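Subject: Structure handover

Dear colleague,

I am passing on the structure below, together with notes on what was found in it. Please look it over first and then read the notes alongside it.

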Amino acid sequence: MASPSPLLPGGPGASPKSAKPAGAAASAAISTARQTHLPTADVEESPIAAADAGAVPEDELEMASTEDGTLSASTSITSSIHQHAFENGRRFHSYKYGRYPIPNDDAEQRREDVKHAMMLELTDGKLWHAPLPADARRILDVGTGTGIWAIEAADQLPGAEVLGVDLSPIQPKWVPSNCRFLVDDVEEEWLYGDNFDMVHMRTMASVLKDIPKVLRRAYNALKPGGWLGMQELQAVLGCDDGTTPPNDGLAVFYRAVRTSLTKFGMDLDMPRELRPLLEEAGFVAVAHVARKVPVGPWAADRSLRVAGLYCREAVGDLVPAMAAKPFRAAGLSGAECEALAAGARAALGDMSRHRYLPFHFWTAQRPLVGG
Ligand SMILES: C[S@@+](CC[C@H](N)C(=O)[O-])C[C@H]1O[C@@H](n2cnc3c(N)ncnc32)[C@H](O)[C@@H]1O
C-alpha cells in the first residue's frame with residue numbers, strides 16, 4: 001500500500017505553478033525543517049479505485065494551462081546548435097542524429113508539457129522529492145526536453161543556478177536569469193563541473209543507453225550529501241481489474257511500443273529496476289515510490305481523474321510520434337502503423353477499461369563522508 005507521505009503537498013519541490021485546480025495550491029518554500037523524503041523501502045501503489053459510471057462528469061474536471069506565463073528576468077540560450085532533421089513529416093534532433101527516436105517538433109513539445117502538468121497533478125505540485133537544502137546552489141537537469149522543469153525549478157530556487165542539458169535545442173530563449181541550457185549528449189563525458197546539490201532526471205531511465213555510466217557521472221558531479229532525483233515513466237500498460245483484454249487497441253499499441261523501442265536500445269523496465277544500479281554507483285538512502293496514472297479519467301479519486309485526462313492526451317499524441325519513426329524502424333508498413341494508430345485512438349475513448357501507466361519516483365544521496 002502506498003504511503004501518501006512522500007508526495008505530500010507543500011513538501012520539498014512544491015511548485016507554485018502546480019497543475020492542481022485553483023484552491024489546492026502547494027507551497028513553494030524549500031526548507032530543511034520541513035523535509036519529507038521518500039521511504040527507504042520500495043512502496044508500491046495498490047490498484048486504483050474506479051469511479052462509478054458518471055460519478056464526476058469529465059467536463060467538470062479542470063486541467064491547468066501548461067502555458068508558462070511567469071518567465072522572469074532574461075538570458076538567452078547559450079548553445080549555437082540549432083539544427084534539426086526531418087523524417088516522415090516530423091522533426092527530430094540533428095546533433096547526434098538518430099540517438100533519440102522521438103520527434104522534437106511543436107507537437108512533441110506540447111506532449112512533453114502535458115506530461116509535466118500530469119506529473120505535477122500526480123505529486124501535488126512537487127517538482128522534486130529530495131530534501132534539498134534551502135541554500136542549494138547548483139542543479140542539473142539531465143535530458144531537459146522543453147526545459148519546463150528547469151525553468152520552474154529556477155523560479156523556485158532564485159539563489160541556485162539551474163543547468164538543463166539536452167540533445168535538442170528546443171528550450172525557450174527567454175528564461176530566468178539563473179537558468180541556462182546546453183545542447184550536449186549526456187552519455188559523453190560531463191563537462192558541467194561538479195559540486196551540484198541535485199541532479200534531476202525525468203523519464204530518462206529508459207531513454208539512456210548506458211544508465212550505470214550516467215549514474216556514476218551523476219554521483220561524481222554531486223557534492224558530498226547531494227541528491228539524485230529520478231521521476232520515471234514505465235511505458236508499459238497496466239490493468240489490475242481484468243477490464244483490459246489482450247486484444248485491447250491500446251494494449252496492442254503498447255506491445256508494439258516495447259518491440260520497437262527495444263530496437264533502439266531502450267529498456268522499458270529500467271524505471272522500476274534502478275535500486276541495484278543506484279547502490280552500485282555508490283548512492284545511499286535510496287528511496288522508491290511507485291505510482292499509477294490512469295490513462296483517461298476513469299479513477300474515483302478526483303486528482304487522479306485530472307492526471308488521467310493529461311495522461312490520455314499525452315498517450316494520444318504519442319501514437320503519431322511512434323508511427324513517424326520507431327514503428328517504421330521495427331519494420332511495420334505504413335498500413336500497419338495506421339491500423340495500430342486507429343486501434344489505439346478508438347481504445348482511448350473507452351473508460352470501462354481501467355488502464356494505467358506506472359511511474360517510479362527515486363531519490364538517492366551521495367554520502368556526506370567517504371563517498
Ligand atoms: C522523454 S523526454 C524527457 C524530457 C524532460 N526530462 C521532461 O521530463 O520534461 C527525453 C529527452 O531526453 C533527451 N535525450 C535523449 N538522449 C539524450 C542524450 N544522450 N543526451 C542528452 N539528451 C538526451 C531527448 O532529446 C528528450 O528531450
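Strands S1 and S9 run parallel and are joined by two bridges, where strands are DSSP runs of E with at least two residues and helices are DSSP runs of H or I with at least four, both numbered from the N terminus. Val 43 stands opposite Val 289 in S9. Before going further, please note that this is a predicted model, in which local features need pLDDT of at least 70 and side-chain atom pairs count only at pLDDT 80 or more, while totals for chains, interfaces and linings use all residues. Residues are numbered from 1 along each chain as its sequence is written.

On its other pairing, S9 runs antiparallel to strand S10 (residues 356-365), with nine bridges between them, and Arg 291 has Phe 359 in S10 as its bridge partner. Strand S9 (residues 284-294) is largely enclosed by the rest of the structure, because eight of its eleven residues are buried; a residue counts as buried if 20 or more other C-beta atoms lie within 10 Å of its own, as exposed if 12 or fewer do, and as partly exposed in between, with C-beta atoms placed from the backbone.

These strands belong to an open sheet of eight strands with mixed pairing, in the order S1-S9-S10-S8-S7-S4-S5-S6, where two strands pair if DSSP finds at least two bridges between them. The edge strands, each pairing on one side only, are S1 (42-43) and S6. Towards the S6 end, strand S4 (residues 138-142) runs parallel to S5 over five bridges, and S5 and S6 also pair in the parallel sense over five bridges. S5 is mostly covered, with five of its six residues buried.

In the loop between strand S6 (179-183) and strand S7 (196-202) lies Tyr 192, which is partly exposed, with 17 other C-beta atoms within 10 Å. Leaving aside residues up to four places away in sequence, Tyr 192 touches Leu 140, Leu 163 and Ala 221, a contact being two residues whose C-beta atoms, placed from the backbone, lie within 7 Å. Tyr 192 and Ala 221 are 29 residues apart in sequence, yet their C-alpha atoms are 8.0 Å apart in space.

Turning to the helices, H8 (residues 334-348) has 15 residues and reaches 21 Å from its first C-alpha to its last, close to the 21 Å expected at 1.5 Å a residue, a span taken as 1.5 Å times one less than the number of residues. Its buried residues are Cys 337, Leu 340, Ala 344, Ala 347 and Leu 348. Seen down the axis of H8, these buried residues fall within an arc of 105°, so they line one face of the helix, the arc being that of the directions from the helix axis to the C-beta atoms. What covers them includes helix H4 (249-262), helix H6 (302-324) and helix H7 (326-329), whereas Gly 334, Ala 335, Glu 338, Ala 342 and Ala 346, on the other side of H8, are exposed.

For the protein as a whole, the secondary structure comes to eight helices and ten strands, and buried residues make up 49% of the 371 residues.

With best wishes
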